[in-house]
Amino acid sequence: MRGISTYRLIAAAMLIAVVLLAISSCHVVAQSEFMRAGGMPYDAFDKLPKTDLEIGGATIHVGFAPGEMALPKETILDWVKTSARAVSTYYGHFPVQSLRLLLVPVDGPRVRGGTTWGYRGAAIRVLIGRSSSDDDLRRDWVMVHEMVHTALPDLDDRYAWLSEGLAVYIEPVARVQAGDLTAREIWQAMVRDMPKGLPQAGDEGLDNTDTWGRKYWGGAMFCLLADIEIRKRTGNRLGLQDAMRGVLAAGGNHEKDWPIARVLSTADKAVGVDVLEHLHDEMGPKPVTPDLAALWRDLGVRMQGETVDFDDSAPLAAIRKAITEPRSR
């Protein structure tokens with residue numbers, strides 16, 4: 001009898017294992033449909049049940065790929081809304097009228113990355129850890145970063161530094177303007193991380209140096225310098241925010257393909273000064289190494305140990321404040 005019972009237990013265990021393996025395999029096959037490299041799985045996404053969010057004059061169609069999540073769906077949707085409101089605050093409205101947003105659960109905590117496309121309508125895929133916490137989503141920058149991409153026309157790969165640089169630079173500014181971060185937090189991050197974008201040995205300018213540091217932080221440095229120069233030349237009335245709103249107003253979002261010259265000239269026209277074109281002529285074909293220490297000093301940004309202090313008597317302190325102040329729509 002003991003042998004029969006043991007046999008039955010083994011058989012039951014084997015059956016359970018087969019069932020679990022089958023379920024797991026189904027999930028892997030189902031999820032792989034949403035993880036193909038090279039492009040957004042538009043057809044697969046369109047078959048998913050979706051929740052529509054109306055934010056900033058846009059409809060965001062949110063679909064969840066198969067997979068369990070520790071957080072309730074409503075908490076995740078609130079994170080999407082918060083991110084979309086920050087981007088809408090910066091641009092005056094959400095950059096596109098309709099967005100497909102695919103959320104793919106993956107192992108682990110935190111948001112693991114995202115990609116944005118526009119060739120069949122604006123679409124974003126974000127990988128979110130199944131065990132993500134409320135705090136993980138509150139601290140996340142990926143969703144806003146990807147949504148910022150929807151506000152810029154699709155550029156040739158050579159100019160990815162402008163697309164990524166704008167997203168790196170605008171994401172924290174938009175979150176401060178929306179009340180989701182403090183100005184102190186983002187200036188501290190800039191002082192810490194901006195040196196990653198400085199040219200290294202062998203650099204041939206932003207247009208010709210495809211390294212991670214130059215693409216992301218070199219592009220962000222370009223944006224910061226452009227923002228400051230626009231504000232200097234317009235008496236601090238206008239900034240990069242107004243320039244990029246001008247690109248969007250001219251129909252330049254991620255669903256369109258534009259050459260970089262059109263993006264920069266449209267942005268300059270919106271603010272009435274030729275800052276972006278001129279800065280690209282300088283930084284695009286050859287390495288330029290700004291004096292960051294002098295720049296932080298002029299902006300009134302001082303590191304005190306691990307924190308930042310502001311010097312409001314510094315020559316560019318008013319510009320520093322204006323960069324993160326919310327603008328009217």
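Trainee: Where is Asp156 in this model?
Mentor: Asp156 sits in the loop that links helix H5 (142-149) to helix H6 (160-177). Please keep in mind that this is a predicted model.

Trainee: Which residues gather with Asp156 in a patch on the surface?
Mentor: Asp154, Asp157 and Asp257 gather with Asp156 there, and the patch is one of negative charge.

Trainee: Moving on to H6, which helix does Arg175 lie in, and does Arg175 count as buried or exposed?
Mentor: Arg175 belongs to helix H6. Its relative accessibility is 7%, so Arg175 counts as buried.

Trainee: What does Arg175 touch?
Mentor: Leaving aside residues up to four places away in sequence, Arg175 touches Ala86, Arg138, Arg139, Asp140, Trp141, Val144, Asp180 and Leu181.

Trainee: Now H13, please. How many of its residues are buried?
Mentor: Six of the eight residues of helix H13 (residues 317-324) are buried, so the helix is mostly covered. The buried ones are Ala317, Ile319, Arg320, Ala322, Ile323 and Thr324.

Trainee: What do the buried residues of H13 pack against?
Mentor: Their partners are helices H6, H7 (183-193), H8 (212-233) and H12 (292-299), together with strands S6 (301-304) and S7 (307-310).

Trainee: And the protein as a whole: how many helices and strands, and what share of residues is buried?
Mentor: The protein contains 13 helices and seven strands. Of its 329 residues, 51% count as buried.

Trainee: What share of the contacts join residues at least 24 apart?
Mentor: The share is 67%, taken among contacts between residues at least 6 apart in sequence.

Trainee: On to backbone geometry. What is the phi of Arg110?
Mentor: Phi of Arg110 is near 65°, a positive value in a residue other than glycine. Most residues other than glycine have a negative phi. Arg110 lies in the loop between strand S3 (98-106) and strand S4 (111-117), and it is partly exposed with a relative accessible area of 46%.

Trainee: What about Asn236?
Mentor: Asn236 is not a glycine either, yet its phi is positive at about 65°. The loop between H8 and helix H9 (240-249) holds Asn236. With a relative accessible area of 23%, Asn236 is partly exposed.

Trainee: Last one: where is His278, and how far apart in space are His278 and Leu264?
Mentor: His278 is in helix H11 (residues 275-283), and at 45% relative accessibility it counts as partly exposed. His278 and Leu264 are 9.3 Å apart in space, C-alpha to C-alpha, and 14 residues apart in sequence.

How values were computed: Residues numbered from 1 in each chain as written. Predicted model: local features only at pLDDT ≥ 70, side-chain atom pairs only at ≥ 80, totals over all residues. Heavy atoms only, no water. Patch = residues over 30% accessible without salt bridge, like charges linked within 9 Å, V, L, I, M, F, W, Y side chains within 5 Å. Areas by Shrake-Rupley, 256 points an atom, 1.4 Å probe, with all protein chains shown as cover. Salt bridge = Lys/Arg side-chain N within 4 Å of Asp/Glu carboxyl O. Lys, Arg positive; Asp, Glu negative; His and termini not counted. Charge placed at Lys NZ, Arg CZ, Asp CG, Glu CD. Helix = DSSP H or I, 4+ residues; strand = E, 2+ residues; numbered from the N terminus. Buried < 20%, exposed > 50% of the residue type's maximum accessible area, 1.4 Å probe, protein only. Contact = heavy atoms within 4.5 Å.
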